[in-house]
Amino acid sequence: MNYELLCNKVISIVKLTGNFIRKESMQFDASKIEYKGLNDMVSYVDKTAEQKLVQNLEKLIPDAGFITEEKTISREGKNFTWIIDPLDGTTNFIHGIPAYGISVALYENGLPVIGVVYELNRGEMFYSYRGGKAFLNKKEIQVSVNPDLKSSLLATGFPYYQFDKQAQYLKLLEEMMKKSHGVRRIGAAAIDLVYTACGRFDAFFEYNLQQWDFAAGCFIVQQAGGEVFDFSGGSDYFTKREILATNGKLTAEMLEAIKRYF
């Protein structure tokens with residue numbers, strides 16, 4: 001398998017789908033919003049974008065499986081699985097806030113081999129593939145070199161349902177705010193992760209995520225020289241659905257803080 005060639009084909013597919021989303025953003029009909037759950041919105045744009053991605057990705061590896069946010073398809077693959085978020089940051093999109101994008105990952109026998117995240121508003125394509133580096137619009141990227149929390153800018157996400165851990169999260173957030181340059185909440189985990197990969201953020205932490213939120217972004221962080229853990233410092237973040245992604249230098253300091261509350 002030529003992963004670089006395959007990644008370039010995925011990028012072309014993602015760009016085409018991005019053109020559709022960008023066009024719809026200029027004429028979006030908010031009356032067509034649906035609710036999957038508390039504060040969990042979806043629109044015709046999410047569903048149609050996912051269908052477009054699936055239809056084109058199927059042609060690349062016909063027997064691959066799919067894990068998709070909007071569940072327009074659900075299929076197990078023997079060796080390959082696509083993990084897709086057609087519009088990460090749906091709430092931002094619906095409210096006209098320019099921070100949302102597309103996330104596509106390919107896993108082979110349980111391991112990531114391709115990750116693509118396309119931030120639509122700035123036209124920034126982040127990607128990586130097995131055996132390669134991490135890139136932003138064809139330029140190699142790396143995580144930051146900031147050595148500690150006091151010199152770092154962090155990213156996180158706020159819970160919008162399942163608030164059972166809210167109290168301990170707020171305590172962690174208070175500590176991170178006091179010890180760093182600040183904490184940002186963009187509202188799209190895939191974008192938080194690739195911003196960490198290119199050094200804009202020094203670390204990202206969030207719990208209660210879904211695998212389509214982070215499958216591509218975590219891989220890109222690792223390919224850019226960063227580290228990804230669950231909140232206990234292990235590698236079971238797929239199952240636990242909690243992410244700590246850092247530049248490597250902040251890992252010990254952040255894990256120490258997280259373990260006080262989680």
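This is a predicted model: local features need pLDDT of at least 70, side-chain atom pairs count only at pLDDT 80 or more; totals for chains, interfaces and linings use all residues.

Me: How many residues does helix 2 have, and how far does it reach?
Reply: Helix 2 covers residues 44-60, which is 17 residues, and reaches 25 Å from its first C-alpha to its last. That is close to the 24 Å expected at 1.5 Å a residue.

Me: What reaches the backbone nitrogen of Val-45 at the start of helix 2?
Reply: A side-chain oxygen of Ser-43 does, coming to within 3.1 Å of that nitrogen.

Me: New topic: how many aromatic pairs are there in the whole structure?
Reply: A search finds 15 aromatic pairs. One of them joins Phe-93 and Tyr-100: the ring centres are 5.2 Å apart and the planes are at 85°, so this pair is edge-to-face.

Me: Is Phe-93 buried or exposed?
Reply: Phe-93 is buried, at 4% relative accessibility. Tyr-100 is buried too, with a relative accessible area of 6%.

Me: And what about the rings of Tyr-127 and Phe-135?
Reply: Their centres lie 5.4 Å apart with the planes at 20°, so that pair is stacked. Tyr-127 is buried at 9% relative accessible area, and Phe-135 is buried at 14%.

Me: Which residues form an aromatic cluster?
Reply: Phe-158, Tyr-169, Tyr-207, Phe-231 and Phe-262 form one.

Me: What sits over the ring of Tyr-195?
Reply: The charged end of Arg-200 does, 4.7 Å from the ring centre. The charged end of Lys-52 sits over the ring of Phe-20 in turn, 5.2 Å from its centre.

Me: Okay, how many salt bridges does a search of the whole structure find?
Reply: Nine. Among them is Glu-175 with Lys-179, whose closest N and O atoms are 2.8 Å apart. Both residues lie in helix 4, four residues apart, about one turn of the helix.

Me: Which residues are linked with them in a network?
Reply: Glu-256 and Arg-260 are linked with Glu-175 and Lys-179 in a network of salt bridges. Glu-256 bridges to Arg-260, with closest N and O atoms 3.8 Å apart.

Me: Last one: which residue does Lys-240 form a salt bridge with?
Reply: Asp-230, with closest N and O atoms 3.8 Å apart. Lys-240 lies in helix 7 and Asp-230 in the loop between strand 13 and helix 7, so the pair ties together parts that are ten residues apart in sequence. Asp-230 is buried at 1% relative accessible area, whereas Lys-240 is partly exposed at 39%.

Notes
Residues are numbered from 1 along each chain as its sequence is written. Side-chain values use heavy atoms; hydrogens and water are left out. Rings of Phe, Tyr and Trp (its six-membered ring) pair if their centres lie within 6.5 Å; planes under 30 degrees apart count as stacked, over 60 as edge-to-face and the rest as tilted. Buried means under 20% relative accessible area, exposed over 50%, partly exposed in between (1.4 Å probe, protein chains only). A charge sits over a ring if NZ of Lys or CZ of Arg is within 6 Å of the ring centre and within 35 degrees of the ring normal. Helices (H or I, at least four residues) and strands (E, at least two) are DSSP runs, numbered from the N terminus. The expected span of a helix is 1.5 Å times one less than its number of residues. A polar contact is a pair of N or O atoms within 3.5 Å; within protein, one must be able to donate a hydrogen and the other to accept it, and residues adjacent in sequence count only if both atoms are side-chain atoms. A salt bridge is a side-chain nitrogen of Lys or Arg within 4 Å of a carboxyl oxygen of Asp or Glu.
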